[in-house]
Amino acid sequence: MKAVILVGGLGTRLRPLTINTPKAMVPVLNAPFLEYVIRRLRQHNVREIVLALSHLAQPIEDYFGNGSRLGIRLNYILEETPLGTAGAVKNAENFLDEPFLVLNGDIFTDLDLTAMMDFHSKSRSKATIALTPVDDPTSYGLIETDAKGRVTRFLEKPSWKQVTTNMINAGTYILEPDVMSYVPPQTKFSFEHEVFPPLLEQGEPIYAYPSSCYWMDIGTPEKYFWLNKDLLIGKSNQYHSVEQVVIGEQDNIHPTAQVTGPAVIGSNCTIWQKARLSGPVITGSGCIILENAIIKESIIWHDVRIEPGAQVSHSIIANNCRLGAGSIIEDSVLGDNVTVSSGHRLEPGSKIWPGTIVG
Ligand code: GDD
Ligand code: MG
């Protein structure tokens, strides 16, 4: 089976992390998010993938190339302006000759794709949509079904008043190729609003494939953090954390420094005396954490310098930031190359754009 992965969204809700880094490339335990998605497809015998790209395409292509490193054939289709979820797949239509998978590129899930494919062919469905239960369906696409699991209604981003179920579109579809005849070429078009509802009106069989397996959409900094934490504590079957603290190659950790897990420290990091890291904590490669610095429940990307006595908690710090001595950063998200001056306390809840010097 072939798959199309949608990776052309702007990642607006993940800003400032996604100003320079596409959402698909944000690091999860120090590997790009999309790498997990591709590896999982490979495990389910998908051998050929189209990546439908638009915004910030180059870093994705540079990293994955033709896919051979992951044992998969990767093709890239670039939209000059974003064509929406269905418009993006329409671009790949020539490549799609049999039932195929469409994946939202910002979902991490343990969904059994092989079982879903079997279900799709047995149910003679035109489109099969994976469903997952969530606490708050209002930021997703709500899907109602009948007793046999046939979809009866779609409601994208419902208000609380409209919520009738906790089951939502989990962002994985198996589609018959002729579904794409509902999509005009080179036109901005969405599956959620403009393809699935008319298919239903035409009486076409659309089936739901519900599952309560691990599922996370990394659309916001909170959810991005939760995914990293969930993997560290073994909630997904795709990452088995064997050690409480994973130390990278060439790390230099002073004997008086304290690292409490779960924690993953990237390669070539230096942690100076009496620095304290308490998990879940992840640092990328090349970070320097100076004496008495404190990092708690945070994700630090690569080449970040945290100076003496600085305190970071519940925050995400992107690449090449410098947090001055004694600075305090709580509940905040910093883009690349941000400098926080010594002694400065950031307002909790701050989102700081790349390159800013604060304080
Ligand atoms: N190539 C391309 N072009 N990709 C796009 C475009 C586009 O114009 N627009 C969005 N995408 C990609 C995004 O990068 C993301 O991977 C995926 O399509 C879904 O877009 P989001 O913007 O993340 O949508 P959402 O999270 O608000 O809602 C969607 O996902 C929910 C599950 O997380 C919908 O499908 C909901 O129904 C669903 O519940
Ligand atoms: Mg999303």
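This is a predicted model: local features need pLDDT of at least 70, side-chain atom pairs count only at pLDDT 80 or more; totals for chains, interfaces and linings use all residues.
Ligand 1 is surrounded by 27 residues, of which the closest are Glu79, Gly84, Asn169, Glu192 and Asp217. One of these, Glu192, places an N or O atom of its side chain 2.5 Å from an oxygen atom of ligand 1, while a polar side-chain atom of Arg13 lies 3.3 Å from an oxygen atom of the ligand.

Helix H4, which runs over residues 113-123, has Leu113, Met116, Met117, His120 and Ser123 as its buried residues. These residues lie on the same side of H4, because they cover an arc of only 145° around the axis. On the face turned away from the buried side, H4 carries the exposed residues Ser121 and Lys122. The partners of the buried residues are helix H1 (33-43) together with the strands S6 (100-104), S8 (127-133), S11 (167-175) and S12 (206-210), against which they pack. At the start of H4, a side-chain oxygen of Asp112 comes to within 3.1 Å of the backbone nitrogen of Thr114, and just after the helix Arg124 takes a positive phi of about 50°.

The side chain of Thr165 reaches the backbone nitrogen of Met167 at 2.9 Å. Leaving aside neighbours within four places in sequence, Thr165 is in contact with Pro137, Leu142, Ile143 and Glu144.

Helix H6, made up of the 12 residues 221-232, spans 17 Å from its first C-alpha to its last, close to the 16 Å expected at 1.5 Å a residue. H6 is mostly covered, with 9 of its 12 residues buried, and the buried set includes Tyr224, Phe225, Leu227, Leu231 and Leu232 as well as Lys223 and Asp230. After H6 comes Gly234, whose phi is positive, near 80°.

The remaining points concern backbone geometry. Most residues other than glycine have a negative phi, and most peptide bonds are trans. Against that background, the peptide bond from Arg15 to Pro16 is cis, with omega near 10°, and Pro16 has its place in the loop between strand S1 (2-6) and strand S2 (27-28). A cis peptide bond also joins Gly279 and Pro280, where omega is about 0°, and here the proline is found in strand S19, residues 276-283. Gln250, in the loop between strand S14 (245-247) and strand S15 (252-253), has a positive phi of about 60° although it is not a glycine, and at 66% relative accessibility Gln250 counts as exposed. Asp331, in the loop between strand S26 (328-330) and strand S27 (333-334), likewise has a positive phi, near 45°, but at 44% relative accessibility Asp331 counts as partly exposed.

Notes. Residues are numbered from 1 along each chain as its sequence is written. Chains are lettered from A and ligands numbered from 1 in the order in which they are written. Side-chain values use heavy atoms; hydrogens and water are left out. Buried means under 20% relative accessible area, exposed over 50%, partly exposed in between (1.4 Å probe, protein chains only). Helices (H or I, at least four residues) and strands (E, at least two) are DSSP runs, numbered from the N terminus. The arc is that of the directions from the helix axis to the C-beta atoms. Contact means heavy atoms within 4.5 Å. A polar contact is a pair of N or O atoms within 3.5 Å; within protein, one must be able to donate a hydrogen and the other to accept it, and residues adjacent in sequence count only if both atoms are side-chain atoms. A residue is near a molecule or strand if one of its heavy atoms lies within 4 Å of it. The expected span of a helix is 1.5 Å times one less than its number of residues.
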